[in-house]
Amino acid sequence: MRLSLFVLATAVAFGATAPALAEQVGEVGVDWLGNDILVEAIKDPKVEGVTCHVSYFDRGVIDRLQKGNWFENPSDTAISCQQTGPITIGDISLKQGGEEVFKQGISLIWKEQVVNRIYDKQNQTLIYLAHSRQVQNGSAKMSMTTVPLYNQNVTWTKGKPQ
């Protein structure tokens, strides 16, 4: 069973609100120990017409038993976001830190895989940053992609920021 499903089941069992899950679109086996690279599609809930594909390493049961650290996947994540239809931008955060678009647990309790969206107004670009978040010992492993809006037919539901 995938770790993210285990974390979701644990969260539901304890009455927590589970984050929205991405749709798994690919799974590539990398060895005989059951380790896989998973690829998931994430639709930005406030930006219609943009889809992000995130990949990450999912440790198999044998690897977990051999190496210990049973309840955690590595922090490595890759992301690529593209325009997949007409772009309509809703009420997005314009703050420098942007806003969280997606998150899922990659350990039993504390570690999360997160995707943040940042709007670069000067360059008319959406930036998507994938990283992991922990209570302590944060990881410097991250991945970033951009979706340029310049010369695109973009609809802003709240009006384009000036």
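**Close-up views of a predicted protein chain**

**View 1. The whole chain and its surface.** The protein chain has an accessible surface of about 9,600 Å², of which 56% belongs to carbon and sulfur atoms; such areas come from the Shrake-Rupley method with a 1.4 Å probe, and for residues only the protein chains shown count as cover. This is a predicted model, in which local features need pLDDT of at least 70 and side-chain atom pairs count only at pLDDT 80 or more, while totals for chains, interfaces and linings use all residues. Residues are numbered from 1 along each chain as its sequence is written, and side-chain values use heavy atoms, with hydrogens and water left out. The secondary structure comes to two helices and nine strands, where helices (H or I, at least four residues) and strands (E, at least two) are DSSP runs numbered from the N terminus. Read from the N terminus on, the elements follow the order α-β-β-β-α-β-β-β-β-β-β. Of the 162 residues in the chain, 41% are buried, a word that stands for under 20% relative accessible area, with exposed meaning over 50% and partly exposed in between (1.4 Å probe, protein chains only).

**View 2. The largest nonpolar core.** A nonpolar core is a set of buried Ala, Val, Leu, Ile, Met, Phe, Trp, Tyr and Cys residues joined through side-chain atoms within 4.5 Å. The largest one here has 22 residues, and I89, V115, L126 and Y128 touch the most other members. At least two residues of this core are supplied by each of β3 (47–58), β4 (77–89), β5 (99–105), β6 (112–120), β7 (125–133) and β9 (154–156). In soluble globular proteins, nonpolar side chains tend to be buried together.

**View 3. The surroundings of I89.** Contact means heavy atoms within 4.5 Å. If its neighbours within four places in sequence are left aside, I89 is in contact with K46, V47, L126, L149, V154, T155, W156 and T157.

View 4. T77 is found in strand β4, and because its relative accessible area is 12%, T77 counts as buried.

**View 5. The salt bridge of D44 and R117.** A salt bridge is a side-chain nitrogen of Lys or Arg within 4 Å of a carboxyl oxygen of Asp or Glu, and the structure holds three of them. In the one formed by D44 and R117, the closest N and O atoms are 2.7 Å apart. D44 lies in the loop between β2 (36–43) and β3, whereas R117 lies in strand β6, so the pair ties together parts that are 73 residues apart in sequence.

View 6. The side chains of K46 and E99 meet in a salt bridge, at 2.9 Å from N to O. Because K46 lies in the loop between β2 and β3 and E99 in strand β5, this pair ties together parts that are 53 residues apart in sequence. K46 is partly exposed at 35% relative accessibility, whereas E99 is buried at 15%. E99 also forms a salt bridge with R117, the closest N and O atoms being 2.7 Å apart. Through these pairings, D44, K46, E99 and R117 are linked in a network of salt bridges.
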